[in-house]
Amino acid sequence: SVVSVAAALGSMNGSLLFEIDVQQVKDEMIGPLSSSSSEINTGLPGTTELLMGQSVVVNGTVTYEYLTGRRFGCPSAGSCLFDSAMHNSSVLCQQGSGVVSDYRGVETLVSFACVPDLDVGILLKRDMAELHESSLNRTVAYANSFNLQQAGSLELVVGKKTNLAATNITAVKILTNLRGCIGSCNGLYVNFEALSSAVNGGSGLMTSLDYRGVEVLSAFSYSAALSAAVVFKVDLSEVQGPLLIRVIILVFAALALVVGGCFILNFAAHRLLTSIEQTWERSKQAVHDQKESFEKLISALYPRFASERLLAGDTHIHLELSEATMFFSDICNFSTISNHLHADDMLEWIGYVFFVMDHVADHYFVHKIKTIGDAYFAISGLPG
């Protein structure tokens, strides 16, 4: 859209018209911001992705287009799936966060927001699978650390289902370091009834043989958040003494695992959301800086009455004046004089002339429009 600033010049039976292409100004601001977002995007780790988009009309339908390059490909060449987070931020100008499918059809944790001054949307997302894997790795690290601190046979085991290579057979894979293997036990695909029950969604207490072939008492459960099973076990020979105390310890240890697993998952999610918030704050600061530059530019180009209304959102600014004066001057024989001066001397001289004229204009409330070569164009009689 074009913003017009018109003033009638009563004493000269004429009028003065200024025009600003607002969309062009927005495009000039969006360009550097989009380039910065693309540069940030290429340096993000893993599946984390920063995207920027704006609303467009295609065949009469309002939709969105990406302003930054996507890090990953679409399901089929040239055909991306609907990205609800980008639609909500760039088309509906909303903000929020949640778990949604992205343009690849992949489940992601996303935070998105709208920049209304520029009519663009920005989002930061990360694949849930990667988030789950990161949380699982932290849980396994915790379990290994816990096991190293145990003097007896108490052990925390984490495992999950996996498909054996080149077969359709589903097996149980132990992810933690095993404390004591007998024979061919190597921690990969072993028989462990409690763990097998847990990876299939079961939970509870049981006595069974563990991966060593030793009879143990186990407390087991499946964690959907980690897509893995956890088992606390202790050799039955140790339990048969003070049985009640051992069972109580085992149950409390199992509860501690559930709480610890949730804490680790929440910690990972919190770190991701904190990263999202920090990136968004940096992007928002960049937009704020661009907006300040735009406001300074408008204030410098136009009289105060026009710049204030323009920045307030007015799209049609008209002003009638009974009297106004336009001033236009140039330096006599400028071409002849400039031919006899060195370039540096000429610039210093004409700069001094315009410096003096600017101060005189300010003193008499004359608004300078622009200088053109040796010409000076100004107007007086405008409010502000």
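Me: Which residue is the bridge partner of K368 in β16?
Reply: The bridge partner of K368 in β16 is A378. This is a predicted model, in which local features need pLDDT of at least 70, side-chain atom pairs count only at pLDDT 80 or more, and totals for chains, interfaces and linings use all residues. Residues are numbered from 1 along each chain as its sequence is written, and side-chain values use heavy atoms, without hydrogens and water.

Me: In what order do the three strands of the open sheet stand?
Reply: The order is β14-β16-β15, with antiparallel pairing. β14 (325-329) and β15 (367-372) each have a single partner strand, so they stand at the edges and one side of each lacks a neighbour in the sheet.

Me: Which residues have the most contacts inside the largest nonpolar core?
Reply: They are M52, L118 and V120, in a core of 24 residues. Among the elements that give two or more residues to this core are β3 (49-58), β7 (120-127) and β16.

Me: Why is this called a nonpolar core?
Reply: The name applies because its members are buried Ala, Val, Leu, Ile, Met, Phe, Trp, Tyr and Cys residues joined through side-chain atoms within 4.5 Å. Buried means under 20% relative accessible area, with a 1.4 Å probe and protein chains only. A second, separate core of 15 residues includes V172, L178, F192 and V231.

Notes. Pairing = 2+ DSSP bridges. Helix = DSSP H or I, 4+ residues; strand = E, 2+ residues; numbered from the N terminus. Buried < 20%, exposed > 50% of the residue type's maximum accessible area, 1.4 Å probe, protein only.
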